[in-house]
Amino acid sequence: MGTRSIAQVPPTPATIALNAYIFGYGGHSLVTPHAALKRLWWTDERIKAKVTRPFVVSKLRGEDRGFLNRPLAFGEGLTDDTYMDWILDRAKRLFLVLAEVGVPDQIFGCIDDSWDDDDLPISLDNVRNLDLAIENDEVLNKKFYVTQFLFLLRELRQGSHVDYGPKEHIPMEYVNSLPPAVTLQVWDRVHFPERPEDIYMRRKFALTDKDTSHDLRKSFLRDVRKAQTLAHEHIASVWASYTTGDAGYVLSDFIGEHTLATFIEHRNPAQFQRVRASARPILLCEWMHCVADALASLHQRGAVHTAIRPSNIVIDHSNHIAFADVGSLRTFQRGKKVNKTEIYDYAPPETPLSQAPLSLASSPPISSTGAFNKLRKMSTSTSGSSSASSNGSSTRSNSMCTIATSPTTSPTTARSNSMTTITTTLSPTNKSFSSFRNFSRHLTHSSISSASEAPSSPTTVIRILPKPSIPDPDLLQDLPASSPEMADIYSLGCIFLDIITFMIKGKTNDFVKFRTMRVSSPIANSKRARNDTSFHSAPDRIDEWTDILQDDSERLSEQIFRAVPGLLELVRRMMMQNAALRPSATQLRDRIQEILVGEGGVEALCCANREWEVLPNSNAATEVETDLSADSLSLATELPSTPSRTASECPRSSSGYDEHCSIVCRIASEIESEQSRRRSSASAATAKISSWRKAFSRVS
């Protein structure tokens, strides 16, 4: 009855290999040429159907059968239940175990001592108290102890956690198929007994640190609970969890077939081919809105992702997209095969990972009186030379501080991703996004020019930072500090650029080649060089690539491609070098919806107008929500508000710096006053956004 045979053993790598060796069948599933091998589990339904009155009577001898209908010996007139009633209502599993070990008649003694199924599993020491034999029989006791686990199955339920014992059987079977993505094949696919259609993805985590031998059980349970509170349709769920031995397991009902990286590399995934050709671009655009909605839900609840990369985004059989996990939950990052190149490529420029030592290019000596003193000198020298004209050429720069100082240079039309490039005067009537691509344009021309005039530099083009995308902490001390939420926005912008490239080009290989730069090794006296394929190392080329995509999209006739220019403009904002100017995740989600519905003609989005409840321990703050439309940006909304600071409070106060620091503080104070006036006259209704908007609201 309960004896296990080879047909009852779940498939394992060892049995799969044995099957292939014996039968010459090398498939992924444990299937012989004749039949599939399947395990029989003693589930609640099976036990209920098995243990009936005829079954109980058949297992007892004639003289013992007469006791079945007698009242319980310990009832003392308080109950009319019989021994048969006790077995059928409370001790079916216990009776099965006794019948399996060959002593079914001992059920009467067990009932007299009030043993029932709720007492299972019984420890080996307590098994002796069952008095299975007239004299204590250790062999029989051990047989009972082992056999009870065959019939005792604690099934997992949604949202539950179970700590299984070392001998306890886990009611779970392997699904004999593998996802196309090799990186996902290490995550098992399982189903529960009698429910082969309900498939779950299972991930395994060690509960002991192999380096320090620290117990990770508490952190595992804490991260599992945290992941369940951050549930979202487009974040792979934690359906249930359990531990056994020295490992913890997490089950998810989101079954990934591909990562975003393998999906794009595959080019023609089977699930993507099932979508009609005209609907594929719409599907890709909807993905952008879905992941933006998932990120907005994290930020709204006070959590950050910190690991937004193509390998951490999964796509299932039905073309649904989701984050594989939340990167800030460290438990879910253990055991992954980390692609260090991918981590570097999708890192924002302000993180230490993407920064490298800088060396100044050969140029005339530059005064060290402070960053904003340099800006003032640049402004005056630029305004003095702007009237000259030569050939009408246009320059494209992504440097932090690029100065056009030649009195004979031609007037330039600057289009830049830099933070501090001063080339033209800010027009008070132009509120388009392009007017605020540069951090220096927050300092109005009239405000800067009011400072003392500085002598013009020699006829030279000076690039202060030879690697423009990396802020120099000594030179740009006054830029606002970054936060993980800002880094999430930048990394998601890289993901969006990959998706749009795939949507228009059908592949991303050309994009990778286009942005690749040959850089020298950081090792001293080393002549070796390497290819840098990161997004942050070549902002000039990223900007050029977005122009190429926009030009290509204008040649396509489908309406969905009309949304591409707006999406690309949004991506530019997400990937701005000044992290303070990137949109919030909620703004990002809402703007994508406006573009797709208003310009792309998408009728419905699965995550449209969704709101989330802020967790009690969330750090999310409330602040006025700013409009992200391209024609509504203003100086007050672009530069975070800050209280004015005196020169003595500036961290880099010196004789040459105090004056210019006070100018910056005065400008910030004026902006704060303007914002206060607008807030006092605006409606009392405000929107909630993530706390990072206040984390950097200061100007040193």
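This is a predicted model: local features need pLDDT of at least 70, side-chain atom pairs count only at pLDDT 80 or more; totals for chains, interfaces and linings use all residues.

**A helical run and its surroundings**

The protein has 24 helices and 15 strands in its secondary structure. Of the 700 residues in the protein, 50% are buried. Counting contacts between residues at least 6 apart in sequence, 68% join residues at least 24 apart.

Two packed helices are described by the angle between their axes and the distance between the axes. Helix H19 (residues 539-554) and helix H20 have axes that come within 9 Å and cross at roughly 170 degrees. That angle makes H19 roughly antiparallel to H20. On the H19 side, the contact is made by Asp 543, Thr 546, Asp 547, Leu 549, Gln 550 and Ser 553, which meet Val 564, Pro 565, Leu 568 and Arg 572 in H20.

The crossing of H20 with H21 is right-handed. Here H20 contributes Gly 566, Leu 567, Leu 570 and Met 574, and H21 contributes Leu 588, Arg 591, Ile 592, Ile 595 and Leu 596. This contact has 7 nonpolar residues, 1 polar and 1 charged.

Thr 501 sits in helix H17 (residues 484-505). Thr 501 counts as buried because its relative accessibility is 0%, and the cut-off for buried is under 20%. Leaving aside residues up to four places away in sequence, Thr 501 touches Gly 506, Lys 507, Thr 508, Phe 511, Trp 545 and Leu 549. Leu 549 is also one of the H19 residues that meet H20. Thr 546 is another of those H19 residues, and its C-alpha atom is separated by 9.0 Å from that of Thr 501, 45 residues apart along the chain.

Now for the strands. Strands of a sheet pair through backbone hydrogen bonds, either parallel or antiparallel. An open sheet of 6 strands runs in the order S1-S5-S6-S4-S3-S2, and its pairing is mixed. Strand S1 (161-164) and strand S2 (173-174) are at the edges with a single partner strand each, so one side of each has no neighbour in the sheet. Within the sheet, strand S5 (residues 240-244) and strand S6 (residues 247-252) run antiparallel and are joined by 5 bridges. Helix H10 (residues 217-229) lies across S1, strand S4 (195-206), S5 and S6, and runs at about 170 degrees to S5.

Strand S8 (residues 313-316) has a partner on each of two pairings. With strand S7 (residues 256-259), S8 pairs in the antiparallel sense over 3 bridges, and Gly 256 stands opposite Asp 316. With strand S9 (residues 321-323), S8 again pairs in the antiparallel sense over 3 bridges, and Ile 313 stands opposite Phe 323. S8 and S9 form a hairpin with 4 residues between them, where Asn 319 in the turn has a positive phi of about 65 degrees. In a regular strand the side chains alternate between the two faces of the sheet. In S8, Ile 313 and Ile 315 point one way while Val 314 and Asp 316 point the other way, and all are buried.

Finally, a few backbone details in the loops. Most residues other than glycine have a negative phi, and most peptide bonds are trans. The peptide bond from Leu 120 to Pro 121 is cis, with omega near 0 degrees, and Pro 121 lies in the loop between helix H7 (107-112) and helix H8 (124-127). Asp 131 is not a glycine, yet has a positive phi of about 55 degrees. Asp 131 belongs to the loop between H8 and helix H9 (138-151) and is partly exposed, with a relative accessible area of 49%. Ser 213, not a glycine either, has a positive phi of about 65 degrees. Ser 213 is placed in the loop between S4 and H10 and is exposed, with a relative accessible area of 55%.

Key: Residues are numbered from 1 along each chain as its sequence is written. Side-chain values use heavy atoms; hydrogens and water are left out. A crossing is left-handed if the near helix is turned anticlockwise from the far one by less than a right angle, and right-handed if clockwise. Contact means heavy atoms within 4.5 Å. Ala, Val, Leu, Ile, Met, Phe, Trp, Tyr, Cys and Pro count as nonpolar, Asp, Glu, Lys and Arg as charged, and the others, Gly among them, as polar. Two strands pair if DSSP finds at least two bridges between them. Axes are lines fitted to C-alpha atoms, for helices over the stretch in contact, and angles run from 0 to 180 degrees between N-to-C directions. Angles under 35 degrees count as roughly parallel, over 145 as roughly antiparallel, 65 to 115 as roughly perpendicular and the rest as oblique. Buried means under 20% relative accessible area, exposed over 50%, partly exposed in between (1.4 Å probe, protein chains only).
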